[in-house]
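This report describes selected features of one protein chain. Please consult the sequence and the structure shown below while reading.

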Amino acid sequence: MSNPISIPDVTSLNLDSAVVAKAIDMAGTFAVNLTLAAIILAVTVMVSRWAAGAARRTLGRVPALKNDPTVLNLAVRLVRLLVLMVGLIAVLQRLGVQTTSIIAVLGAASLAIGLALQGTLSNVAAGVMLLIMRPYRVGDLVDIGGQVGTVQKLDLFVTQMANANNVKIVVPNSKVFGDTILNLSGQKTRRIELLIGVSYGANLNQVKEVLTVAATGHPKVLKTPAPWVGVTNLLDSSVEMTLHAWVKSVDFWQTKADVLQAAKEALDQANIEIPYPHQVAVPWIEGEAEPASASPKRAATARAQS
């Protein structure tokens, strides 16, 4: 007897065909949505660049921001970030992600990130306060926690400086905001202060005249306020004279060095002694009385030998 031929169930064939058709339809829809999402993302990137350039040109005309690249760059970055966020949400919606789910995920992620990056967020908060209060700007010479340098960059996380040796210094904004900030170029003029010691036998009026002439003779020293010289302390081996002279902030360091050199040369020319520690050899001949300062030492040596 021949084996019976099995006939496929018509209902099963119809079900398989429906599943395949549904899968094909879903794949086509996903491919279309994925293509549209890629197009939206590409357009978003181009629009963000255009918006950043437009914001830079527009804000660059504002007088308050024209000479402040730090705030200008921050505003441009915020505009670009905002456009990218809107475009990213549109891409996720095109891929079928609900906006409410996005907000919920962002909220949970923000809480987790905030707990994990407390130090980083403190830098961001300090950076915002620095941008609002503006204790210094890019190009200013500042002293932050003993580190002196010219500000090269200020963003939401760190302040970048370069010292006189062109060494890069990066300071977290939280440390900057919590420490003392000395803006050495924040004012248009600065005062030079030189402390110079002269001997007790010097004519102090002559010293004042010599130092005043040395300061006023420098072309970078301002006429107003006029240089000032006076006695400020009586030390163990010298009379301390203080010289004050005002200069423009940009001329401070070189002018200070020049005036100090001019003061030293003027005092030497006037035969005014500047006391300094030095040793004096006291001659001693066998059989004569020893100097008082040498007696204790020689007596101790004699006791040790006996």
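## A buried loop residue

The contacts of Ser-199 beyond four places in sequence are Val-239, Glu-273 and Pro-275. The model examined here is predicted. Ser-199 is located in the loop that lies between β6 and α7. The relative accessible area of Ser-199 is 14%, and Ser-199 is therefore classed as buried, since the cut-off for that class is under 20%.

## The nonpolar cores

Nonpolar side chains in soluble globular proteins tend to be buried together. In this model, the largest nonpolar core contains 23 residues. Those with the most contacts inside this core are Val-198, Val-207, Leu-211, Met-241, Leu-267 and Ile-272. At least two residues of the core come from each of β6 (189–198), α7 (204–216), β8 (239–248) and α8 (252–269).

Which residues are in contact with Met-241, leaving aside its neighbours within four places in sequence? They are Leu-194, Leu-195, Ile-196, Val-198, Leu-204, Val-207, Lys-208, Leu-211, Val-229, Gly-230, Val-231 and Thr-232.

## An exposed helix residue

Val-86 belongs to helix α3, which covers residues 69–94. Is Val-86 buried or exposed? Its relative accessibility is 53%, so Val-86 counts as exposed, the cut-off being over 50%.

Along the chain, Val-86 and Thr-44 are 42 residues apart. The C-alpha atoms of Val-86 and Thr-44 are separated by 8.3 Å.

Conventions:
Residues are numbered from 1 along each chain as its sequence is written. This is a predicted model: local features need pLDDT of at least 70, side-chain atom pairs count only at pLDDT 80 or more; totals for chains, interfaces and linings use all residues. Side-chain values use heavy atoms; hydrogens and water are left out. A nonpolar core is a set of buried Ala, Val, Leu, Ile, Met, Phe, Trp, Tyr and Cys residues joined through side-chain atoms within 4.5 Å. Buried means under 20% relative accessible area, exposed over 50%, partly exposed in between (1.4 Å probe, protein chains only). Helices (H or I, at least four residues) and strands (E, at least two) are DSSP runs, numbered from the N terminus. Contact means heavy atoms within 4.5 Å.
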